[in-house]
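Keep the viewer open as you read.

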Amino acid sequence: MCGLCGILGAGEHWTDSDDALKKRAGAETRRRERAYQISLTNRILAQYGLKLTDWEGSSFVLSNRTGASEVIDHFAALWPTAEKMIKRPCDPLDPKVVDALEA
Amino acid sequence: MSRYAGYLPVNVITGFLGSGKTTLLKRLLESPDMADTAVLINEFGEVGLDHHLLEQVDENIVMLQSGCLCCTIRDDLARSMRDLWERRATGEFGFKRLVVETTGLADPAPIIYTLMADPVIRYHFRLGNIITTIDAVNGLGQLERQPESLKQAAVADRIVLTKTDIANDDVGDLRARVRQVNPAAPVYLAQENLTPGKLLTNDLYDPKAKSKEVAHWIDAEAFSAQHDHEHDPNRHDASIHAFCLTFDRPIDWTAFGIWLTMLLQAHGEDVLRVKGLLDVRGMPGPVAVHGVQHVVHPPVHLKRWPDDDRRSRIVFIVRGLERRSIEASLAAFNALADDQSAAA
């Protein structure tokens with residue numbers, strides 16, 4: 001896993017570091033953007049049997065179908081944690097992943 | 001204005017052994033524009049550097065538990081930079097720019113990673129242009145045989161061809177190879193009038209220069225020449241190659257962030273450089289994004305497009321990844337956002 005993802009107490013994610021982007025049309029409130037981010041992410045995580053939920057607006061909880069769960073403090077830690085839970089890589093270039101998204 | 005514009009820029013000068021890094025640095029330091037520059041070098045070489053603020057760092061790499069080679073902290077560099085910052089903060093001396101000269105065999109990625117990962121440094125310093133020197137006499141062979149040399153060329157924002165005055169051949173073949181690896185970086189000859197402005201100071205976070213800088217990234221002419229090379233079946237191998245993807249439809253920022261974060265987790269070691277100018281849905285102007293391996297730097301919103309083309313264009317310099325799979329994957333992730341909007 002990448003060391004930037006939590007070991008060093010990473011700050012804001014790069015997607016969330018520009019003030020103009022935070023105010024773009026459709027993402028005016030942090031709550032709305034966060035809900036949208038979780039919703040989109042869950043479309044992908046579903047392929048791995050995982051689900052992301054919000055935790056108090058500050059962290060996330062990643063769960064699998066057997067009920068195991070991990071708290072994620074930072075969005076950058078999502079994919080390393082998902083890979084640890086499913087014990088294989090989450091590869092967006094995997095043709096099966098792309099085909100499933102297009103279906 | 002991006003708040004990163006106020007951070008101290010760090011330029012990295014890299015290049016293979018004997019490629020003239022120190023000679024170039026010495027020339028640049030002679031300019032009055034470089035008076036407020038601190039310099040960190042890895043080793044004192046044959047070319048003497050006389051600069052009032054010059055320090056040596058011993059290469060001391062801390063590998064994190066990840067085992068990922070590019071996600072290593074240059075502990076020596078981090079300590080030296082923190083020390084420089086403290087001395088600046090106490091008023092011992094002032095500097096407005098830092099130049100780091102690497103060793104000839106150095107992988108630039110850990111230096112870049114250190115800038116983003118160290119909790120103190122990341123709030124005071126930002127990455128400036130990476131300058132790579134390539135020796136016109138030996139460079140072509142080094143690019144073919146030395147992976148460090150190839151990677152140094154791939155991550156560069158500016159490339160300087162050195163020793164062109166003593167090269168037997170013209171540098172056409174070398175230029176062509178450099179263009180294949182990194183079509184977006186301007187290439188200069190060392191004997192040109194190389195000012196700090198050309199190489200160091202004009203970058204993405206400079207409000208006056210950023211529009212011109214992103215125009216380099218997406219230079220259509222460079223990539224149309226590159227596209228011809230992509231039809232060579234031998235280019236779809238494990239070698240480093242570059243391509244520019246174009247998307248007609250606006251990019252959903254949230255979907256893009258999920259996709260790039262996932263891509264870099266899975267393939268960061270092989271995504272040597274990504275530079276994009278995005279037409280983000282809901283934004284009045286383009287957004288510039290750039291990263292080196294696992295590290296993505298803060299995006300910059302531009303008020304205006306650098307040309308009449310309003311499409312999103314993203315340059316990838318990758319090792320062993322196929323253009324078509326990256327293109328299909330990003331398009332599929334972006335289309336998720338359309339589904340979501342329709343359902344809302």
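## A strand pair in chain A

A:Leu52 stands opposite A:Leu62 in β2(A). The two strands involved, β1 (residues 50–55) and β2 (residues 59–64) of chain A, are antiparallel and share six bridges. Strands (E, at least two residues) and helices (H or I, at least four residues) are DSSP runs numbered from the N terminus, and two strands count as paired if DSSP finds at least two bridges between them. Three residues lie between the strands in this hairpin, where A:Glu56 adopts a positive phi near 60°.

## On to the next strand

A:Leu62 also has a bridge partner in β3(A), namely A:Glu70. Strand β3 (residues 69–72) of chain A runs antiparallel to β2(A), joined to it by four bridges. This hairpin has four residues between its strands, and A:Gly67 in the turn shows a positive phi of about 95°.

## A covered helix in chain B

Over in chain B, helix α5 (residues 147–154) is mostly covered, with six of its eight residues buried. A residue is buried if 20 or more other C-beta atoms, placed from the backbone, lie within 10 Å of its own. Those residues are B:Ser149, B:Leu150, B:Lys151, B:Gln152, B:Ala153 and B:Ala154.

## Confidence and conventions

This is a predicted model: local features need pLDDT of at least 70, side-chain atom pairs count only at pLDDT 80 or more, and totals for chains, interfaces and linings use all residues. Residues are numbered from 1 along each chain as its sequence is written, while chains are lettered from A and ligands numbered from 1 in the order in which they are written.

Chain A has an average pLDDT (the predictor's confidence in each residue, from 0 to 100) of 85, and 89% of the residues score at least 70.

Methods:
Buried ≥ 20, exposed ≤ 12 C-beta atoms within 10 Å, placed from the backbone.
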